[in-house]
Amino acid sequence: MLKQWSLSIALVMALSTSAACLADEIAIQQDAQGVSYVTGGIGSEEVEALEAFKKQFNLYFLFSEGRIGRLVDDVNISIIDGKKQTVFSLEHAAPRLLLSLPAGKYTAVASYQGNTQRYTFNLSAKKSQRVILNWKNTQLDEESREDNRQDEVTPEEIKNDTRADSSGAR
């Protein structure tokens, strides 16, 4: 009985330590233009760690593919302002990206596996905005409907979100 209790405590401590270490790995960074951002969201621990940062940022991107909405990483993204200047750029972004930009009109140019899409949006100073960029992939849909269900976009994330598809249409 004592052995079971000791093992249980050791397991709980190991899980707590690994979660704390993971939260430490998710940190605010800066791109070459000086814009602060956080990217992550692979696995439930990273998603939880990102939640702590949400209120600090006014722009949230979620990257997915196919009709099932499987989350994807390794996305290259640039954001261009109304003066055609690149104000943010990141290679190899994870499925979730949080950043803050001043109010204004922007175009996001994102590429995943060689497919690029553009999405133009207006960002308000008083309201945060979420954008889901989805790359259509019918082969994935047909081959793996049941695969990676935990990586799908949840209904809560979709509700009231702005969606863009791989054609860049609004």
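Which residues is Val 38 in contact with, leaving aside its neighbours within four places in sequence? The answer is Ile 26, Ala 27, Ile 28, Leu 50, Phe 53, Phe 57, Arg 96, Leu 97 and Leu 98, where contact means heavy atoms within 4.5 Å.

## Before you start

This is a predicted model, in which local features need pLDDT of at least 70 and side-chain atom pairs count only at pLDDT 80 or more, while totals for chains, interfaces and linings use all residues. Residues are numbered from 1 along each chain as its sequence is written, and side-chain values use heavy atoms, with hydrogens and water left out.

## The chain as a whole

The protein chain has four helices and 11 strands. Both kinds of element are DSSP runs numbered from the N terminus: helices are H or I with at least four residues, and strands are E with at least two. Of the 170 residues in the protein chain, 40% count as buried. Here buried means under 20% relative accessible area, exposed means over 50%, and partly exposed lies in between (1.4 Å probe, protein chains only).

Contacts across the sequence are also worth a look. Among contacts in the protein chain with a separation of 6 or more, 62% come from residues 24 or more positions apart.

Let us return to Val 38, which lies in strand S2 (residues 36-40). Val 38 is buried, with a relative accessible area of 0%. Leu 50, one of its contacts, is 12 residues away in sequence and 7.6 Å away in space, C-alpha to C-alpha.

Strand S2 pairs with S7 in the antiparallel sense over four bridges; two strands pair if DSSP finds at least two bridges between them. Within this pairing, Leu 97 in S7 is the bridge partner of Thr 39. Strand S7 covers residues 96-99, with Arg 96 and Leu 98 pointing one way, Leu 97 and Leu 99 pointing the other way, and all of them buried. As background, side chains in a regular strand alternate between the two faces of the sheet.

## Leu 59 and strand S3

S7 also pairs with strand S3 (residues 59-65), in the antiparallel sense and over four bridges. Leu 98 in S7 is the bridge partner of Tyr 60.

Leu 59 is found in strand S3 and counts as buried at 1% relative accessibility. Not counting residues up to four places away in sequence, Leu 59 touches Ile 79, Leu 97, Leu 98, Leu 99, Leu 101, Phe 121, Leu 123, Gln 129 and Val 131. The C-alpha atoms of Leu 59 and Ser 100 are separated by 5.7 Å, although these residues are 41 apart along the chain.

## A four-stranded open sheet

Another part of the fold is an open sheet of four strands, in the order S6-S5-S8-S9 and with antiparallel pairing. Strand S6 (86-93) and strand S9 (115-123) stand at the edges with a single partner strand each, so one side of each is left without a neighbour in the sheet. From one strand to the next, the twist averages 15°; axes are lines fitted to C-alpha atoms, for helices over the stretch in contact, and angles run from 0 to 180 degrees between N-to-C directions.

Strand S8 (residues 104-112) pairs with S9 in the antiparallel sense over nine bridges. Gly 104 stands opposite Leu 123 in S9.

## Charged side chains

How many salt bridges are there? The count comes to two, taking a salt bridge as a side-chain nitrogen of Lys or Arg within 4 Å of a carboxyl oxygen of Asp or Glu. One joins Lys 54 to Glu 51, with the closest N and O atoms 3.3 Å apart. Lys 54 is partly exposed at 29% relative accessibility, and Glu 51 is partly exposed at 45%. Glu 65 and Arg 70 also meet through their side chains in a salt bridge (2.3 Å, N to O), and both residues are buried.

Asp 81, in strand S5 (residues 75-81), is buried yet has no salt bridge. The nearest side chain of opposite charge, Lys 83, is 6.0 Å away from Asp 81; Lys and Arg count as positive and Asp and Glu as negative, while His and the chain ends are not counted. The side chain of Asp 81 does reach the backbone nitrogen of Lys 83 at 3.0 Å, and a polar atom of that side chain lies 2.9 Å from the backbone nitrogen of Gln 85. Such a polar contact is a pair of N or O atoms within 3.5 Å; within protein, one must be able to donate a hydrogen and the other to accept it, and residues adjacent in sequence count only if both atoms are side-chain atoms. Not counting residues up to four places away in sequence, Asp 81 touches Val 87, Lys 105 and Tyr 106.
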